[in-house]
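Good morning, colleagues. I would ask you to look at the model on the screen while I take you through its sheet, its helices and its core.

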Amino acid sequence: MKKIALGIALLLAGAAGALYLSPATLVAGVRFVERQLAGVSPKAITVDGLAIHYYEGGPADGETLLMIHGFGADRDNWLRFSRHLTHRYHVIALDLPGFGESSKPDASYDVVSQMERVRAFANALQIDKLHLVGNSMGGHIAALYAARYPEQVLSVALLDNAGVNAPQKSEMIQRLERGEPNPLVVRRAEDFDALMNFVFVSPPPLPESLKRYFAERSVANQEHYDRIFAQLRGHYVPLEPELPNIQVPTLVLWGEQDRALHVSSIDVMQPLLKK
């Protein structure tokens, strides 16, 4: 343990020196530290011709907890969650196809297609039973999975999930209906701050060099993300008729200041979920 702590301290010290020289090196170093703290390791598997990258940690004989990220995100979003879970659960967090380091095929990315890919991934890992956790788009996928394959799911946690026609329209929905650009997609490097302010109540402080690094990566993915988002909207699958089919304990959590998906979605979901 002391050696790990010393290694982390040295890595952070070195990363601080590399900050203005190589943001990519710093990001890789911080990601390594977060993985160590979370107790997960990076892995990959090929499923139906697609390379799926994921993190895995915790006891191999523990109950499996599979975490599904949202639009524009990746498996790194779950690292700080994982550190509180790997002491008990067999934790897996994947990069959905089309995101992170996983394959980005010229294929459909609607929630049903992605849900089937997640199920194929779980089956390839020979996971018979699992707990599902999903955020935003990932919550939409998790809810569909739990509704359509109840025999495989032990519980489901939905964090600000998509897929519900909220009584009050979110700021993002209102913008889209006015024909404004998607606030979740960065089109110019200078728009990165606007994205951070949109998705965070209090954006984390970032050095300018890191902002430029993340902004450039986001801009590079703009066309790809626009195509995925258009498919999500064009092949929209409402959760309202699906939710009564969920037979397992379901946790719904929402940030009341969420600007992308309105918290009033809970009012729709609650009476549809099994008591």
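Strand β3 (residues 64–68) and strand β5 run parallel to each other and are joined by 5 bridges; two strands pair here if DSSP finds at least two bridges between them. Within this pairing, T64 stands opposite L130 in β5. Helices (H or I, at least four residues) and strands (E, at least two) are DSSP runs, numbered from the N terminus.

Please bear in mind that this is a predicted model, in which local features need pLDDT of at least 70 and side-chain atom pairs count only at pLDDT 80 or more, while totals for chains, interfaces and linings use all residues. Residues are numbered from 1 along each chain as its sequence is written, and side-chain values use heavy atoms, with hydrogens and water left out.

On its other pairing, β5 is parallel to strand β6 (residues 153–159), with 6 bridges. L132 stands opposite V156 in β6. To get from β5 to β6 the chain passes through helix α5 (residues 137–148), and this β-α-β crossover is right-handed; that is, with the strands pointing away from the viewer, the path from the first strand over the helix to the second runs clockwise.

How many of the residues of strand β5 are buried? In strand β5 (residues 130–135), 5 of the 6 residues are buried, so the strand is largely enclosed by the rest of the structure. Buried means under 20% relative accessible area, exposed over 50%, and partly exposed in between, with a 1.4 Å probe and protein chains only.

Let me now widen the view to the sheet. It is an open sheet of 7 strands, in the order β1-β2-β4-β3-β5-β6-β7, and its pairing is mixed. β1 (40–47) and β7 (250–253) stand at the edges with a single partner strand each, so one side of each has no neighbour in the sheet. Neighbouring strands are turned by 20° against each other on average, direction ignored. β6 and β7 run parallel, joined by 4 bridges, and V252 in β7 is the bridge partner of L158.

Two helices deserve attention. Helix α4 (residues 111–124) lies across β1, β2 (50–57), β3, β4 (90–94) and β5, at about 105° to β1. Helix α5 lies across β3, β5 and β6, at about 150° to β5. For these angles, axes are lines fitted to C-alpha atoms, for helices over the stretch in contact, and angles run from 0 to 180 degrees between N-to-C directions.

I turn to the core. A nonpolar core is a set of buried Ala, Val, Leu, Ile, Met, Phe, Trp, Tyr and Cys residues joined through side-chain atoms within 4.5 Å. The largest has 55 residues, and F71, L94, L132, Y145 and I246 have the most contacts inside it. Helix α5 gives the most to this core, with 8 residues. Leaving aside neighbours within four places in sequence, Y145 is in contact (heavy atoms within 4.5 Å) with residues including M115, V118, L130, L132 and V153. A second, separate core of 9 residues includes L65, Y89, V91 and A157.

Finally, the chain as a whole. The secondary structure comes to 10 helices and 7 strands, and 46% of the 275 residues count as buried.
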